[in-house]
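I opened this entry to note what I looked up, item by item.

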Amino acid sequence: KEADGTNLLDNTLVVMGSDLRTGHRRLNVPTLLSGGRAGGIKQGFHRVYGENEGRLSDLWLSMLQFAGCPVDEFADSKGGLPELFA
């Protein structure tokens, strides 16, 4: 237990990805985001993004912002994925 009563996983962001994808294009790249319940990550759902939405760089940007980093862009991100966070 942490000092505030939460556990370590509740205060951690864990990302796991795979290089399985459609050909040489960066589409259909399975990625798992876990942890962060204490900070407001939405739990228990599966999200599928279309070809022109949900870039992996959007996930990295959202995670940086969630962690308190003052960044507005990351690589080729189009603005983050606010729907993943409460």
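**Salt bridge.** I looked for salt bridges in this predicted model and found one in the structure. The partners are Arg55 and Asp76. I read 2.7 Å between their closest N and O atoms.

I then checked where the two partners sit. Arg55 is in the loop between E2 and H1, and Asp76 is in the segment after H1. They are 21 residues apart, and the pair links distant parts of the chain.

Arg55 has 32% relative accessibility, so I put Arg55 down as partly exposed. Asp76 comes to 34%, so Asp76 also goes down as partly exposed. Both values fall between the 20% and 50% cut-offs.

**Ser57.** Next I turned to Ser57, which is in helix H1. Its relative accessibility is 6%. Buried means under 20%, so Ser57 counts as buried.

What does Ser57 touch, apart from its neighbours within four places in sequence? I listed Phe74, Ala75, Asp76 and Ser77. Ser57 and Gly79 are 22 residues apart along the chain, and their C-alpha atoms are separated by 9.0 Å.

**Largest pocket.** I moved on to the largest pocket. Its volume is about 1,200 Å³. I counted 32 lining residues. Val29, Thr31, Arg47, Tyr49 and Gly54 lie nearest the centre.

Which elements give two or more residues to this lining? I found strand E2 (31-35) and helix H1 (56-66). E2 gives the most, with five residues. I sorted the lining by class as well: 13 residues are nonpolar, eleven are polar and eight are charged.

**Fold and extent.** I noted one helix and two strands in the protein. Along the sequence the pattern reads β-β-α. The C-alpha trace spans about 45 × 25 × 20 Å along its principal axes.

I looked up burial for the protein too. Of its 86 residues, 21% are buried. For contacts, I took those between residues at least 6 apart in sequence. Of these, 42% join residues at least 24 apart.

**Confidence.** The average pLDDT of the protein is 84. I found that 93% of the residues score at least 70. Confidence is lowest in E2, with a mean of 87, and highest in H1, at 90.

Technical notes:
Residues numbered from 1 in each chain as written. Predicted model: local features only at pLDDT ≥ 70, side-chain atom pairs only at ≥ 80, totals over all residues. Heavy atoms only, no water. 1 Å grid on protein atoms, 1.4 Å probe; cavity = no way out; pocket = protein on both sides within 12 Å on 5 of 7 lines; lining within 4 Å. Points joined across faces, edges and corners; volume = space filled by probe spheres on them. Helix = DSSP H or I, 4+ residues; strand = E, 2+ residues; numbered from the N terminus. Nonpolar A, V, L, I, M, F, W, Y, C, P; charged D, E, K, R; others polar. Salt bridge = Lys/Arg side-chain N within 4 Å of Asp/Glu carboxyl O. Buried < 20%, exposed > 50% of the residue type's maximum accessible area, 1.4 Å probe, protein only. Contact = heavy atoms within 4.5 Å. pLDDT = per-residue confidence, 0-100.
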